[in-house]
Amino acid sequence: MEQTGHANPFEGLPSFRLGSGPPLLVIPGLTPRHEVPRGPAFIAESQPLGPLARRREVWWVNRRPGLTPATTMADIAADYAERLPRFGGPVDVLGISTGAAVALQLAHDRPELVRRLVLVAGGCRLGPAGKAGQRALLRRLEAGDLRGAGVEIVRLGGLRPSARSLESWAGWVMGPLMYRGSTADVMAVLRAEDRFDITSRLAAIAVPTLVVGGDEDAPYGAAVFRETARGLPRGRLIIYYGRGHVGIPLVPSFASDVLGFLDAP
């Protein structure tokens with residue numbers, strides 16, 4: 001897989017492109033910095049998109065750098081909405097975790113820009129564990145405790161009691177590397193998602209939507225996935241059993257499930 005050098009409709013937002021075919025906007029989950037990933041981070045973000053890129057022009061597009069502390073999810077979605085008309089028609093959108101919240105907000109605010117919507121390991125609001133975990137991460141970042149922030153972000157992705165000690169150690173080691181430099185952008189997104197709850201407005205989102213998640217997901221939870229799909233007029237739900245929050249795009253049937261939904265009449 002390679003990054004391409006073609007004209008970028010998402011100029012001003014960190015992005016890379018893979019594959020060819022009808023466009024698919026991918027809005028990633030929470031990232032330490034708003035930039036194009038490099039090295040191992042690029043592999044981690046791009047590799048799960050490979051099967052989709054065989055039939056789609058996949059645009060991975062991160063949030064704008066330089067967000068203010070008062071940024072809302074609507075503000076973040078507006079950055080994508082400003083650029084999507086450059087495709088000349090509605091575009092399929094896939095949001096992952098925090099990116100799913102952005103994607104839902106986008107479909108609510110500018111439905112004419114979204115052809116079909118896929119929400120991966122995300123939904124209409126954070127679940128109780130996700131809200132508590134993201135608030136703990138925010139407190140660590142506000143205090144400048146980068147090792148503690150590493151512990152919190154790894155726990156958010158796993159939250160399996162049997163692996164807590166290993167997760168804590170890995171996060172403690174990686175924290176200073178993950179969160180080196182300014183953390184203002186990630187803190188702005190954490191605050192925005194803490195306030196995000198579109199549950200009461202789901203009925204107004206008529207875009208065909210597929211909700212995909214694991215039954216062991218802790219930040220959102222299977223109950224939130226089900227509630228999101230039920231509340232959407234054209235919502236569908238796929239639950240992968242024995243799966244947590246991280247790694248849903250690596251489920252063997254994920255690409256075929258998503259492409260089957262996007263390509264259906």
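**Figure 1. Salt bridge between Asp263 and Arg55.** Asp263 and Arg55 form a salt bridge in this predicted model, with 2.3 Å between the closest N and O atoms. Asp263 belongs to helix α10 (residues 254-263) and Arg55 to the loop between α2 (50-53) and β3, so the pair ties together parts that lie 208 residues apart in sequence. Asp263 is partly exposed, at a relative accessible area of 36%. Arg55 is also classed as partly exposed, with a relative accessibility of 45%.

Figure 2. The side chain of Arg56 meets that of Asp263 in a salt bridge with an N to O distance of 2.4 Å. This pair links distant parts of the chain, 207 residues apart: Arg56 is in the loop between α2 and β3, and Asp263 is in helix α10. Arg56 is buried, with a relative accessible area of 4%. Through shared partners, salt bridges join Arg55, Arg56, Asp92, Arg115 and Asp263 into one network. The structure as a whole contains 15 salt bridges.

**Figure 3. Salt bridge between Glu57 and Arg17.** Glu57 pairs with Arg17 in a salt bridge whose closest N and O atoms are 2.6 Å apart. Glu57 is part of strand β3 (residues 57-61), while Arg17 is part of strand β1 (residues 15-18), so the pair ties together parts that are 40 residues apart in sequence. Glu57 and Arg17 are both buried.

Figure 4. Glu193 lies in helix α8 (residues 184-195). Glu193 is buried but has no salt bridge. The nearest side chain of opposite charge is that of Arg63, 8.0 Å away, whereas a salt bridge requires a nitrogen to oxygen distance within 4 Å. The side chain of Glu193 does make a polar contact with the side chain of Tyr220, at 2.5 Å. Leaving aside residues up to four places away in sequence, Glu193 touches Met73, Thr98, Ala101, Leu126, Gln134 and Tyr220.

**Figure 5. Helix α4 and its burial.** Helix α4 covers residues 98-109. At 1.5 Å a residue, its twelve residues should span 16 Å, and the end C-alpha atoms are 17 Å apart, which agrees. Ten of the twelve residues are buried, so α4 is largely enclosed by the rest of the structure. The buried residues are Thr98, Gly99, Ala100, Ala101, Val102, Ala103, Leu104, Gln105, Leu106 and Ala107. Among them, Thr98 and Ala101 are contacts of Glu193.

Figure 6. Ser97 is not a glycine, yet has a positive phi of about 55°. Ser97 sits in the loop between β4 (91-96) and α4, and is buried at 11% relative accessibility. Ala121, likewise a residue other than glycine, has a positive phi near 55°. Ala121 is located in the loop between β5 (114-120) and α5 (128-142). Ala121 is buried, with a relative accessible area of 3%.

Figure 7. The average pLDDT of the chain is 92, and 92% of the residues score at least 70. Over residues 1-5 the pLDDT stays under 50, and the model gives this segment eleven contacts beyond four places in sequence. Residues 159-163 also have a pLDDT below 50, with nine contacts beyond near neighbours in sequence.

Conventions:
Residues are numbered from 1 along each chain as its sequence is written. This is a predicted model: local features need pLDDT of at least 70, side-chain atom pairs count only at pLDDT 80 or more; totals for chains, interfaces and linings use all residues. Side-chain values use heavy atoms; hydrogens and water are left out. pLDDT is the predictor's confidence in each residue, from 0 to 100. Contact means heavy atoms within 4.5 Å. Helices (H or I, at least four residues) and strands (E, at least two) are DSSP runs, numbered from the N terminus. Buried means under 20% relative accessible area, exposed over 50%, partly exposed in between (1.4 Å probe, protein chains only). Lys and Arg count as positive and Asp and Glu as negative; His and the chain ends are not counted. A polar contact is a pair of N or O atoms within 3.5 Å; within protein, one must be able to donate a hydrogen and the other to accept it, and residues adjacent in sequence count only if both atoms are side-chain atoms. The expected span of a helix is 1.5 Å times one less than its number of residues.
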